[in-house]
Amino acid sequence: MKKTIVCVYGKGKNTSEVFARLCGLCEQSGCNEYIYCGIIDLPDWICYRSSGDSGTEDKVKRFVRYYGKRFGGDLFCAVRQRRYYIEGKQPAYCCVDGSLGALKSLWRFAGGRKEEFFPVYGKVNYEVLSEADKIYYSALLGNEAPQKRDIIEKHGLEKMENELTEGTVIVRNKKDGNPAGKAADRIFGRSRSEGKSGECLEILLSHNALDKLLSTGISEEDIEVKESMVTETENYRKKIFLPKKCRFKVIKKFPK
């Protein structure tokens, strides 16, 4: 039986929001039917590593370890590392191609390229992952967490899967009436122009559409975009907190 990967992407300070959205999607879609994962991009920086990177990776590790049981054990999260990048006169280090690059890497990872992500935390069942033929991709765009947590309607993912045809992607209908084309532009955009902070994109991609993304000589415009009638629920306001035993200890005063 073919599987669907449910992935939430975030960048910078979105670590907690990524897991909050994953929990919401899990509750709406059924824990045992899908493969759940998160992808965290480290924020752009002037060098390859910053002082806060190890803290981000440790936080991801703790989240995955604590919430893995809630997802039936099949939960993992990858932290993408920066690469050297030149835009204009300002060289910088960033995660290659932003949200689009993360999506491509996930599909390669599902196809067996284990070196595509490092580090990866949690349980990865590569045999089950190789059977995936669709990705439901929830991209939190921008460095800051979105103000709203709108989650797909109950069993909405199953409804979208029934609407999906070969070679297409489906963008979920939004309350603000964003045309499907504009939504697709956001996810297929460049790494430094992915939309305003706080925006979120919900999109389901077929096997053939994902293969096209990886093909040379094919642009994103060659992939057919449709809009689903599946809507969003009321704001998902539940916050995700680490239990005390998983939090960092803060030393207020150094011993004399």
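## Cysteines

The sulfur of cysteine 77 lies 7.8 Å from the closest cysteine sulfur, the one in cysteine 37, and that is too far for a bond. A disulfide is a covalent bond between the sulfur atoms of two cysteines. Here the term is used for a pair of cysteine sulfur atoms within 2.5 Å. The structure holds zero disulfides.

Cysteine 77 is buried, at a relative accessible area of 0%. Cysteine 47 is partly exposed, at 30%. Buried means under 20% relative accessible area, exposed means over 50%, and partly exposed is in between (1.4 Å probe, protein chains only).

## About the model

This is a predicted model, in which local features need pLDDT of at least 70, side-chain atom pairs count only at pLDDT 80 or more, and totals for chains, interfaces and linings use all residues. Residues are numbered from 1 along each chain as its sequence is written, and side-chain values use heavy atoms, with hydrogens and water left out.

## Overall build

The protein has seven helices and 12 strands. These are DSSP runs, numbered from the N terminus: helices are H or I with at least four residues, strands are E with at least two. Of the 256 residues, 50% are buried.

Now take contacts, meaning heavy atoms within 4.5 Å. Among those between residues at least 6 apart in sequence, 81% join residues at least 24 apart.

## Aromatic rings

The whole structure contains nine aromatic pairs. In one of them, phenylalanine 19 and phenylalanine 63 have ring centres 4.8 Å apart and planes at 15°, so the pair is stacked. This pair links distant parts of the chain: phenylalanine 19 is in helix 1 (residues 15-29), phenylalanine 63 is in helix 2 (residues 53-67), and they are 44 residues apart. Both phenylalanine 19 and phenylalanine 63 are buried. Together with Tyr66 and Tyr67, Phe19 and Phe63 form one aromatic cluster.

The cut-offs are simple. Rings of Phe, Tyr and Trp (its six-membered ring) pair if their centres lie within 6.5 Å; planes under 30 degrees apart count as stacked, over 60 as edge-to-face, and the rest as tilted.

## Aspartate 133

Is aspartate 133 buried or exposed? Aspartate 133 counts as buried because its relative accessibility is 17%. Aspartate 133 sits in strand 7 (residues 132-141). Leaving out residues up to four places away in sequence, aspartate 133 touches Lys2, Lys3, Trp107, Leu205, Ser206 and His207.
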